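Visitor: I have a model open and would like to learn how to read it. Could you walk me through the features one at a time?

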Amino acid sequence: MKNNTVSYLEWGVGEDTKDVYAPLSVRDLWVEYQIERGAVKAVRGVNLDLRKGESLSLIGESGCGKTTFGLALIRLLVKSATIRQGQIIYCRGSQGFDVLTLDEREMRDFRWRECAMVFQSALNAFNPVLHIWDQMYDTVKAHGSMSKDEARQRALDLLRHVQLDPERVIDAYPHELSGGMRQRVLLAMSLLLDPQVIILDEPTTALDILTQRTIIELLRRLKQELGFSMIIISHDLSIAAELADRVATMYAGAIVELGDVNEIFYQPKHPYTLGLIKAVPTVTGEFKELISIPGSPPDLVDMPSGCKFHPRCPYATARCKQEEPPLAEVVDGHLTACFHWEEVQRGHDERWQRFAHSLDRLKEAEQTA
Amino acid sequence: MNETLLAVHHLTRRFGKRKQRVTAVEDVSFVIHRGDILCLVGESGCGKTTTGKMVAGLLKPSEGTVEFEGQDIWSMGKQDFKRYRKAMQIIHQDPYASLNPSHTVFKIISAPLLRHGLVANRHQARAHVHELLETVDLTPPDEFLDKYPHQLSGGQRQRVSVARTLTVNPSFIVADEAVSMVDVSIRVGLLNLLTRLKEDLGGTFLFITHDLAVAKFFAWKGRIAVMYVGSLVEIASTPQLVNDPLHPYSKALLAAIPEADPVLTRQKKRVKLRSQDIPSLLDLPSGCRFHPRCPLFEEGLCDVERPALTPVGDGRYVACHIAVREIGGRR
């Protein structure tokens, strides 16, 4: 790994932190999948700094590029995917390197030791015919340099940390554990080699509510105790509301809004974020009308011109159809990619209503015609 | 409005034999009035889908009866049963699995029309399907008629499923996690569609979901029934249930739900459970099924005697010794 190591400042990143460097800085990252019809542009020019010790949540609907982005960070993409361009600068201490320049062996050292991932669907992430311990030891052998005894001790400690009965779980088969327990084992496994960054892909999806709650509390506590940084990928806004320090909204492969969690939820400045928030019901409190975002997400092979959200956007103007708005800081630490963010911010609820309504009427008119 | 459309009495369903025997649903009773919505809410494995299947006549109960318009559907004659099958329709959970991939949208929707003899020929069927596609907002219909399911998005498929259930003008619809598999931006559209259909057609719904927020949104004017490992623990009108639950399990569930509102969700008061483990159906706890986890547990009562679903006024029912006692004390 040494030969790629450069002084961090050469990269000219990390402006947002004073003396602590961002562990991960992504610069202009593009990822494509090749399919028969053409190139699926799953990640388009993403720029992102993950701050030390923060939890950053990526939200967006399925097919917006969240998972692809997460996999690209540790270069676990499938063969049909190519990283077209960009840099992923990783930093521990004051030394940094570009993850995309590492060779296979260096990549192995990087994964899990520096940056670990907890995969979606806890059942499929395990080998069904191996004991938990065997799988944990495999991870250690592949990426780390601990002795077997050390590794076992560390595994037992971590299992205790995630509130499992370590002696029972370590010799169990995956099918003997419940969904929540498996998710906790995966978490323990990701922490085996003490990584600085953990990427969690849909950590609570498909779990029961009471189990979700335990996982959320656990993540909160672990992060406090161990001080790692987290990237949480989830379509579920409530996970972001629970755990995130900052939230990034993705749409059609690009980040369209980035900001502090409260800013994003209470003062969204991108119409897509606003739409997502307005579409999710809360349980507590009185009945609230929900508004759906008209239309459906774009085809990533054949995307609309200009702003990719314009066909679904009530604020869209002629300019939006031609020009794609760049992600720019509009208020302290709050970035949005929308020409009309000031209007969005004023939060015109009626506007959405009217827009949805006029679309309905348009349809009716078409039908009668 | 108060006419009983569907009544379920002491419904029990067991699966498997001897040692492997599990009781998926145990002694479940409820009624649904004409034009009402009942939401069946619970975590995975609590028996909500099994209950739904028994209500829909897809699964025979081990014990108990399902009465539709006063008639037990399992002792009906063939003709009556066929009539029930027409009056009751199901919207399934997974729009990827519930549509035949080798049939076009037209074929999928026209099949029940032809099967139940609602149209005379294919030409009439085409006109009718056209209309149904418009009802579910798949417009222009001509664009969809000859498409195969794989050419549609998840939300569009689910709309086709809804159109198919509407073919026979059902008076009762069982929707099993009908919106769980689609994205948020599409989900609201689907829920609004179902709400509109309910209002326009005056349909009656059994709406099964694990998501209390969805239940609240869809059934604000209806009722919610909460299930826990095979039994009903509470039935109440939706506003009562979400704002003032009585059963300790409902309380724990509501307190645990993460909400899409950072301040609200981080300030929620949690209910501390005594155990995190969901009991195995093979080895159910004695007495109240919730007692090993319940914060109100009283030894010698909860682990011995099973609480019955007890009316506590206001049309509410709760199955908890402690909650019932406290309400009795307040009166």
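Visitor: In what order do the strands of the 4-strand open sheet of chain B run?

Guide: Strands pair if DSSP finds at least two bridges between them. Here the order is E2-E1-E4-E5 in chain B, and the pairing is antiparallel. The edge strands, each pairing on one side only, are E2 and E5 (71–72) of chain B. Before we go on: this is a predicted model, where local features need pLDDT of at least 70 and side-chain atom pairs count only at pLDDT 80 or more, while totals for chains, interfaces and linings use all residues. Residues are numbered from 1 along each chain as its sequence is written, with chains lettered from A and ligands numbered from 1 in the order in which they are written.

Visitor: What counts as a helix or a strand?

Guide: Both are DSSP runs numbered from the N terminus: helices are H or I with at least four residues, strands are E with at least two. Take E1 (residues 4–15) and E2 (residues 22–33) of chain B, which run antiparallel and are joined by 8 bridges. B:Leu6 stands opposite B:Ile32 in E2(B), and B:Arg14 has B:Thr23 as its bridge partner in E2(B). The hairpin of E1(B) and E2(B) has 6 residues between the strands, and B:Gly16 there takes a positive phi near 80°.

Visitor: Which strands of that sheet does H1(B) lie across?

Guide: Angles run from 0 to 180 degrees between N-to-C directions, and axes are lines fitted to C-alpha atoms, for helices over the stretch in contact. H1(B) lies across E1, E2 and E4 (63–68) of chain B, at about 125° to E1(B). H1 (residues 48–55) of chain B also lies across E3 (37–41), E7, E8 (204–209) and E9 (223–228) of chain B, running at about 155° to E8(B).

Visitor: What is the strand order in the 8-strand sheet?

Guide: That open sheet reads E6-E7-E8-E3-E9-E10-E12-E11 in chain B, with mixed pairing. At its edges are E6 (88–91) and E11 (310–311) of chain B, each pairing on one side only. E6(B) and E7 (residues 172–176) of chain B pair in the parallel sense over 4 bridges, and B:Ile91 stands opposite B:Ala175 in E7(B).

Visitor: Is B:Ser102 buried or exposed?

Guide: Count the other C-beta atoms, placed from the backbone, within 10 Å of the residue's own: 20 or more is buried, 12 or fewer exposed, and in between partly exposed. B:Ser102 has 9, so it is exposed. You'll find B:Ser102 in the loop between E6 and H3 (105–115) of chain B.

Visitor: How many of the residues of H1 (residues 66–73) of chain A are buried?

Guide: 7 of the 8, so that helix is largely enclosed by the rest of the structure. Among them are A:Phe69, A:Leu71 and A:Leu73. For chain A overall, buried residues make up 49% of the 369.

Visitor: How should I read a positive phi?

Guide: Most residues other than glycine have a negative phi. A:Trp112 has a positive one near 70°; A:Trp112 sits in H2 (residues 104–113) of chain A and counts as buried with 22 C-beta neighbours inside 10 Å. A:Glu202 also has a positive phi, of about 45°, and lies in the loop between E8 (197–201) and H7 of chain A. With 21 C-beta neighbours inside 10 Å, A:Glu202 counts as buried.

Visitor: At what angle do H7(A) and H10(B) pack?

Guide: Angles under 35 degrees count as roughly parallel, over 145 as roughly antiparallel, 65 to 115 as roughly perpendicular and the rest as oblique. H7 (residues 209–226) of chain A and H10 (residues 248–256) of chain B pack at about 45°, their axes 9 Å apart. That makes H7(A) oblique to H10(B).

Visitor: Which residues meet there?

Guide: Residues are in contact if their C-beta atoms, placed from the backbone, lie within 7 Å. A:Ile209, A:Leu210 and A:Arg213 in H7(A) meet B:Ala252, B:Leu253 and B:Ala256 in H10(B).

Visitor: How many residues does the contact take from each chain?

Guide: It takes 37 residues from chain B and 37 from chain A. On the chain B side, H7(B) gives the most, with 7 residues.

Notes
Two residues are in contact if their C-beta atoms, placed from the backbone, lie within 7 Å.
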